[in-house]
Amino acid sequence: MPELIVTKDIDVPGIDSLEVYRQYGGYEALTNALRTYQPDNLVDLVKASGLRGRGGAGFPAGMKWSFLAKNDKPRYLCCNADESEPGTCKDRMLMEKIPHRLVEGVILTSYACRVSVAFIYVRGELALAGRQVEKAVAEAYEAGYIGQNILGSEFSLEVIVHRGAGAYICGEESALMESLEGHRGYPRLKPPFPAAIGLYGGPTVINNCETLCALPAIVSRGAEWYAGFGTEKSKGTRIFSLSGHVKQPGNYELPLNTPLSTLIYDEHYGGGILGDKKLKAIIPGGSSSPILSADKIDITVDYESIAAAGSMAGSGAVIILHEDTCIVGAILRMTEFYRDESCGKCTPCREGTYWLTEILERLEHGHGQQKDIELLRDICDNISGKSFCPLGDAATSSIVSGIRLFREEFEYHVTHGHCMVGPGSAVAAAVAD
Amino acid sequence: MISEQAKQRMRTLAARYPVARSAVMPSLHIAQQEEGYITDEGLHAVAEALNLTIDDVESVATFYTMYYQKPQGKRVIKVCNSISCYLRDCDPLIKHLEQRLGIKCGETTADGNYTLMTVECLASCSTAPALQVNDEFVENVSIAKADALLEELEQELQHEGYQQCQN
């Protein structure tokens with residue numbers, strides 16, 4: 001089994017408490033960093049480690065930190081723990097089971113970026129995760145890891161846990177800042193980027209929960225050690241949330257040079273396809289990532305290989321579809337999500353996701369026409385790249401890739417009025433007769 | 001009724017953030033805890049604590065789906081119907097719950113005990129299908145597990161009702 005970093009010791013009983021977390025080496029990285037590192041050296045360390053954002057975009061974390069505007073405005077850190085990309089359930093696990101690792105990551109990042117107020121934005125629906133993080137923050141205050149002159153140093157920090165209230169769009173960084181400032185979660189125009197003008201107008205760094213959880217280990221064991229995992233450009237490990245038609249769905253941490261087939265078929269991970277059926281398709285990075293055909297099984301899970309195969313690594317949520325899945329039905333379900341979660345700010349996304357859903361629905365239920373397939377592609381073309389934020393683009397990913405890979409299934413719905421596979425298909429109808 | 005204690009919590013929150021307005025979401029959470037949903041009085045209390053207009057607070061309260069605009073049942077059952085749960089048969093589960101409770105999604109039972117709704121991905125994808133009862137997770141929900149859950153909830157509610165009579 002490969003070495004675990006962010007999920008190390010996660011199943012130790014009581015590791016969610018400060019006491020047990022410390023017994024397992026917790027807060028040693030922070031103590032060490034405050035004594036031996038200047039903030040800029042920490043930024044260099046994280047740059048050298050090659051750590052990239054584990055939220056969706058995969059931007060190098062250290063580089064992001066170094067972009068912070070140098071002015072006299074207060075700087076802020078926002079931890080994006082608004083986990084809501086369909087298929088993704090890793091940050092929730094980290095917060096519920098080992099919240100102090102996140103808190104230590106938040107303090108380390110704040111020190112490196114000279115931040116004096118940090119926010120942890122926890123998705124509203126994740127009640128237990130929110131309570132666990134609040135408890136960990138309270139314990140860290142009590143122990144002197146947060147507050148004035150942390151561990152006798154010059155460094156002071158306030159940490160505020162902020163609970164969301166149900167809005168996928170707030171996982172988009174500028175909408176998250178709007179939400180934190182007490183507004184409706186509408187995305188902001190970029191530029192200016194948060195590193196220049198962010199929360200309350202100050203330079204702001206926004207990192208995903210899992211990204212921050214990797215920091216204590218990187219600080220303790222060094223950049224070179226971390227960079228020893230993964231590939232040349234995708235270093236380290238990440239958590240893959242494996243779901244859908246696999247025998248053992250779960251959160252699995254793997255080095256980024258692991259083949260997708262290992263994650264899906266190895267008995268330590270996915271254990272193969274449910275019911276030993278044939279693999280039909282893979283959605284490799286949450287529902288916003290384009291669908292991959294089953295023949296892409298041998299690629300590795302790093303950012304570059306998934307991009308080269310025609311999709312994106314996204315949030316690390318790998319969703320498996322087996323042969324009995326109606327692709328039109330699955331895409332309809334994913335599109336309904338974007339229709340419901342579109343914030344309504346810009347027309348292409350608000351209206352487009354509505355019409356995409358309507359058309360997919362009539363195709364799925366056998367009322368579609370041949371020209372609807374082209375109409376879907378046309379609407380996608382009018383949303384993608386023409387929306388205010390990436391939500392619009394995301395809504396088109398599964399449709400464009402789905403039509404490209406499984407066009408005959410869309411056409412079958414038009415000509416036969418029902419699915420080619422799965423419930424309601426010709427096979428199922430024959431059995432029922 | 002929004003208690004004086006709740007109003008004080010809102011004011012304390014307002015002082016904790018760099019800008020008072022940032023406390024609008026946590027204050028709305030407090031208002032909802034007090035009354036079960038966002039009432040006019042709740043909006044008023046938040047507006048007063050943060051020095052905002054009521055319309056301004058309402059514009060926030062109506063954006064986020066967790067702020068309820070009408071009374072909910074004593075047990076709010078939220079069933080995830082996004083892709084990972086869909087692939088693990090959440091649709092038959094939802095249909096089953098609708099039949100058992102005698103309501104459609106989005107509705108509350110006549111006795112005010114249960115509200116049933118579908119929600120977007122709950123971050124429980126590798127333990128699908130999943131649901132929440134008053135925001136606490138129930139995972140890997142088979143039809144049998146759902147039946148056992150409903151029985152458990154029924155007993156809880158009966159017990160609560162009995163305790164209320166005693167008081």
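Is Asp9(A) buried, exposed or partly exposed, and how many other C-beta atoms lie within 10 Å? I began my notes on this predicted model with that residue.

**Entry: Asp9(A).** I found Asp9(A) in the segment ahead of helix H1 (18-23) of chain A. Its phi is positive, about 60°, although Asp9(A) is not a glycine. I counted 16 other C-beta atoms within 10 Å, so Asp9(A) is partly exposed, as the count falls between the limits of 12 for exposed and 20 for buried.

**Entry: Arg114(A).** Next I looked up another non-glycine residue with a positive phi, Arg114(A), at about 55°. Arg114(A) sits in the loop that links helix H6 (99-112) to strand E2 (117-122) of chain A. With 16 C-beta neighbours inside 10 Å, Arg114(A) is partly exposed.

**Entry: cis peptide bonds.** Pro192(A) belongs to the loop between H8 and strand E4 (204-208) of chain A. In chain B, the bond from Ala128(B) to Pro129(B) is cis, with omega near -5°. I placed Pro129(B) in the loop between strand E2 (114-119) and strand E3 (131-133) of chain B.

**Entry: where the chains meet.** I then turned to the interface, where 45 residues of chain A contact 33 residues of chain B. Among the elements of chain A that each supply at least two residues to this side are strand E3 (158-163), helix H8 (173-180) and strand E5 (237-244). H14(A) gives the largest share, six residues. Sorted by class, the side of chain A that touches chain B holds 19 nonpolar, 17 polar and nine charged residues.

Notes. Residues numbered from 1 in each chain as written. Chains lettered and ligands numbered in written order. Predicted model: local features only at pLDDT ≥ 70, side-chain atom pairs only at ≥ 80, totals over all residues. Contact = placed C-beta atoms within 7 Å. Helix = DSSP H or I, 4+ residues; strand = E, 2+ residues; numbered from the N terminus. Nonpolar A, V, L, I, M, F, W, Y, C, P; charged D, E, K, R; others polar.
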